[in-house]
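I opened my notebook to look through this structure one step at a time. I begin with a term, then go from the chains to single residues.

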Amino acid sequence: MLLSRLAWAIGTVWLAASLAFLLIHLAPGGPAIALGGDSGAPGYLEEVARLYGLDRPLPEIYLDWLMRVATGDLGHSYRSGQSVLSLILERLPVTLALVAPAVLLSAIVGTLLGLLRTPRGFAASMAALHAVPGYLVGQALVMAFALGLGVLPVQGLVDGRGPGGGGIARLLDMARHLILPVLALALHNLTFVALLTRTRVMAEMERPYAVTAAAKGVAPRLVRRRHALPNAMLGLVSLFGSRLGGFVTGAVTIEVLFALPGLGRLAVTSAIARDHPVVIGLVLFTTAFVVTANLVVDFAFRRLDPRLEETA
Amino acid sequence: MSRHARTIAGAIVGLLYFGCLFLEPAGTLQSLPMSAPFLPPSLVHPLGTDDLGRDMLAALTQGGRTSLMVATVTALLAVGLGMVIGMAAGLGAHWLDDLLMRTADMVLSLPALLVAILVASLFGGSSLNLALVLGLTRWPTIARIVRAETLSLRRSDFVRSSVAVGSRPVAIAFRHILPHVSPTALSATGIVFGGAILAEAALAFVGLGDPALTSWGQLIAAGYAFFDRAWWMWAFPALALCCTSALVAVAANRE
């Protein structure tokens, strides 16, 4: 099991790298422009072609490309000249500060909502709410709390006119700026968690142990929380792990809407500026990141539940 | 969710999109006639006009066509690949099943939206390219479901009888398996369809949509900037996107 998960993780990154390779070589103007950009300077493209050894046979270029990806050499941005990896690592904290609280919030509130004795039509309304994209939720939140009530900032990560300086004040300012984006990202995913919890818990409630607990007089609320939930949790966490990628891609529109300097906005601005190496790097980095996060969730889970360890 | 509600939701989506095909030819906002800017909804302009005096209803209709086109191509591609691969995995040898399902797991883990952004960066924004990317990355959702159903059908008497009289696997797949997996596959296709609607709008929202076609995402981004003086510029595209996506979700709900 452990080995097969590891093979899946490496295979996924390999697939992303191969896909990127294919796209680079199919791109109009050829791989030199895709990797080095169209600067127009004489001799520049020849320079790029030499740098990446593009005159060699294709299999050789491919192996070289895989080696580069494996060692984290994602090339250089041709807008800033900075290495793509350092550019990504610079922006990563912002995306993490947005995604991590959203993941926690939707996991906790979603589970609680799913545990409630829900009225008829709950599933349908949650499914309908889930269909509302996060950025629309974000825009509605801005209209209500930033433009309407004026209690929270409209966009940005820090207040340019703020007190400045570092330390606690700056962190608090950032936190204030992140409230609406986190809510927007969480609300969209929370509905999904609530639906999932509800379905799983309802399935557990029909199992003999839950029926027994109810028969001996345990309150339904307690049967759900004490007996059904812990067992339903198993499938929930692993399914939640597979949704982590959704949070990262959901962050793209949220970061653009709130002008947060994270990975998603970097991808969009780079794509608009045709800064291909950065976008390629972001696809590979995100894939690796999501796959690693999934592995961590998986292994942590195997430790928590001895039954899974046995079947491994 | 009752069968009834699902059918109604599906029918409304169909009618909305069907209307879009006839109300307005495909094109960009630039192709629309201009009148006075920021007109509120009235009889002449049922949904008002935008900042350059273009009719919002016409703009919404153009956006609907783009949305429908991307979602349909995506769904067709995904359902074609998903059905064939799912049935092959379910009926084929153990190694084939293993290979196909492992590939499906990996493809499903790719960040589709970012791949779409990369394609937009390398090839320029294009609705067809977006649909290709989405179709080629979303087939595993359908393939998984089709495979699971095929595996259970494989043990049924009618399939075993068919094997016994010497039918070839391909014939069994299309004559006996396909009719049985179609309803579940259709519902999974609905989910892919809805995902494509949202992905198309998201890409246009961040400015990487097809420059030759109007999109709801583009209208939402533009309308947001004028919300304080012309609420209809934001509210109607937002409503169109939410309603369509929610109705598709209801129609595809199997619960």
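Predicted model: local features only at pLDDT ≥ 70, side-chain atom pairs only at ≥ 80, totals over all residues.

First, a term: helices are DSSP runs of H or I with at least four residues, and they are numbered from the N terminus.

**Entry 1: the model as a whole.** I looked up the scores. The model has ipTM 0.88 and pTM 0.89. For chain B the average pLDDT is 88, and 99% of the residues score at least 70.

**Entry 2: chain A.** How many helices and strands are there in chain A? I counted 14 helices and 0 strands. I then checked the box around the C-alpha atoms of chain A. Along the principal axes, that box is roughly 85 × 55 × 35 Å. Of the 312 residues in chain A, 39% are buried. I also looked at contacts in chain A between residues at least 6 apart in sequence. Of these, 71% join residues at least 24 apart.

**Entry 3: chain B.** Chain B has 9 helices and 0 strands. The C-alpha atoms of chain B fill a box of roughly 75 × 45 × 25 Å along the principal axes. Chain B has 255 residues, and 53% of them count as buried. Among its contacts with a separation of 6 or more, 70% are between residues 24 or more positions apart.

Entry 4: I went back to α12(A). Is it mostly covered or mostly open? It is mostly covered, as 8 of its 10 residues are buried. Among the buried ones are A:L263, A:R265, A:A267, A:V268 and A:A271. Just after α12(A) comes A:R274, with a positive phi of about 55°. I noted that this residue is not a glycine. Is A:R274 buried or partly exposed? A buried residue needs 20 or more other C-beta atoms within 10 Å. A:R274 has 17 C-beta neighbours inside 10 Å, so it counts as partly exposed.

Entry 5: B:F38 sits in the loop between α1 (3-23) and α2 (56-91) of chain B. It is partly exposed because 15 other C-beta atoms lie within 10 Å.

**Entry 6: A:N189.** I found A:N189 in helix α8 (residues 167-205) of chain A. It has 22 C-beta neighbours inside 10 Å, so A:N189 counts as buried. What does A:N189 touch beyond four places in sequence? I listed A:A102, A:S106, A:R243, A:G246 and A:F247. I followed up on A:G246. It is 57 residues from A:N189 in sequence, and their C-alpha atoms are 8.6 Å apart.

**Entry 7: the core.** The largest nonpolar core has 165 residues. Within it, B:A116, B:I117 and B:I142 touch the most other members. I picked B:I117 and looked up its contacts. Leaving out residues up to four places away in sequence, B:I117 touches A:A267, A:V268, A:A271, A:V279 and B:L208.

**Entry 8: two helices crossing in chain B.** Last, I looked at α2(B) and helix α7 (residues 169-205) of chain B. Their axes come within 7 Å and cross at roughly 145°. The crossing is right-handed. Residues of α2(B) that meet α7(B) include B:T66, B:V70, B:G82 and B:L91. On the α7(B) side, B:P169, B:A185 and B:E200 are among the partners. By class, this contact has 17 nonpolar, 5 polar and 1 charged residues.

Methods
Residues numbered from 1 in each chain as written. Chains lettered and ligands numbered in written order. Core = buried A, V, L, I, M, F, W, Y, C linked by C-beta atoms within 7 Å. Buried ≥ 20, exposed ≤ 12 C-beta atoms within 10 Å, placed from the backbone. Contact = placed C-beta atoms within 7 Å. pLDDT = per-residue confidence, 0-100. Axes fitted to C-alpha atoms, helices over the stretch in contact; angles between N-to-C directions. Left-handed = near helix turned anticlockwise from the far one by under 90°. Nonpolar A, V, L, I, M, F, W, Y, C, P; charged D, E, K, R; others polar.
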